Amino acid sequence: MLIFPIHIRYLLILLLVISSNTSAKESICYGTTSNGKLEGGVQLPSKGRNFIGYSRVAAMAGRTYVHSAVKNIIIAAYKDLETEQPKKVYKYAETGFSGGGQFRPHKTHRNGLSVDFMTPVINANDESVHLPTHVFNKFGYNIEFDSKGNYKGLTIDYEALAAHIVVLHKQAKRSGNDLWRVIFDPKLQVNLFKTKYADYLEKHITFSKKRSWVRHDEHYHIDFVVACKQ
């Protein structure tokens with residue numbers, strides 16, 4: 001066993017304390033999702049028991065950073081889904097840069113409070129699988145579902161999608177924050193209100209009713225509410 005001199009031990013303890021305080025520091029958001037910035041953004045983990053990120057390349061490029069409060073909400077929600085939807089898998093997508101600011105091609109995602117999630121799907125065997133995301137389909141953003149929610153043998157899993165929105169809202173409220181809005185193709189979102197989560201969604205969640213500049217069928221965009229500075 002290595003035994004360090006006492007002054008070295010004190011230095012190591014000090015470095016551990018500094019490191020702990022730094023990692024525990026909360027992010028600071030400024031302005032709005034479409035005109036703001038972020039200080040101290042934190043990166044989402046590449047994977048967990050029931051979720052993965054949409055691209056290692058994108059993560060290495062720094063495109064998966066969020067406000068620390070948003071990260072905590074997302075991770076806690078995935079944990080809840082291990083019990084709520086134990087057979088389902090999830091995938092998150094674009095979030096933002098560590099310092100926020102313009103995030104092409106998105107019009108928002110500028111202050112750490114905007115997150116895209118890839119739409120949960122099931123295959124022909126009724127198994128929950130990840131929507132394919134790679135460079136040849138613009139990391140999933142080039143996928144187009146038909147009017148029935150089908151794409152190359154995959155079907156939108158509205159039950160899993162609705163469950164995710166619900167647990168995100170519950171975790172946001174539990175942490176003293178909230179969800180501002182959910183953007184998902186209006187022609188497809190009606191199917192969310194055919195799930196067992198319909199009453200909760202109707203009461204607590206604000207959905208964008210107008211089609212956005214991009215369709216939002218292969219992913220759903222969620223804006224979180226966290227106290228920001230002007």
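This is a predicted model: local features need pLDDT of at least 70, side-chain atom pairs count only at pLDDT 80 or more; totals for chains, interfaces and linings use all residues.
## The disulfide

A disulfide is a covalent bond between the sulfur atoms of two cysteines. The count for this model comes to one disulfide. Cys29 and Cys228 form it, with their sulfur atoms 1.9 Å apart. The link of Cys29 and Cys228 is left-handed, with -100° about the S-S bond.

The pair joins distant parts of the chain, 199 residues apart. Cys29 is in strand E1 (residues 28–31), and Cys228 is in the segment after strand E13 (219–225). Cys29 has a relative accessible area of 1% and is therefore buried.

## Helices H3 and H4

Two packed helices are described by the angle between their axes and the distance between the axes. The axes of helix H3 (residues 68–84) and H4 come within 9 Å and cross at roughly 130°, which means that H3 is oblique to H4. The crossing in which H3 passes H4 is right-handed.

On the H3 side, the contact is made by Ile73, Ile74, Ala76, Ala77, Tyr78, Asp80, Leu81 and Glu84. They meet Ala163, His164, Val167, Leu168, Gln171, Ala172 and Arg174 in H4. Ten residues of this contact are nonpolar, two are polar and three are charged.

## His169

Helix H4 (residues 158–174) also holds His169. His169 has 5% relative accessibility, so this residue counts as buried. Leaving aside residues up to four places away in sequence, His169 touches Asp178, Leu179, Tyr200, His204 and Ile205.

Key
Residues are numbered from 1 along each chain as its sequence is written. Side-chain values use heavy atoms; hydrogens and water are left out. Helices (H or I, at least four residues) and strands (E, at least two) are DSSP runs, numbered from the N terminus. Buried means under 20% relative accessible area, exposed over 50%, partly exposed in between (1.4 Å probe, protein chains only). Contact means heavy atoms within 4.5 Å. Axes are lines fitted to C-alpha atoms, for helices over the stretch in contact, and angles run from 0 to 180 degrees between N-to-C directions. Angles under 35 degrees count as roughly parallel, over 145 as roughly antiparallel, 65 to 115 as roughly perpendicular and the rest as oblique. A crossing is left-handed if the near helix is turned anticlockwise from the far one by less than a right angle, and right-handed if clockwise. Ala, Val, Leu, Ile, Met, Phe, Trp, Tyr, Cys and Pro count as nonpolar, Asp, Glu, Lys and Arg as charged, and the others, Gly among them, as polar. A disulfide is a pair of cysteine sulfur atoms within 2.5 Å.
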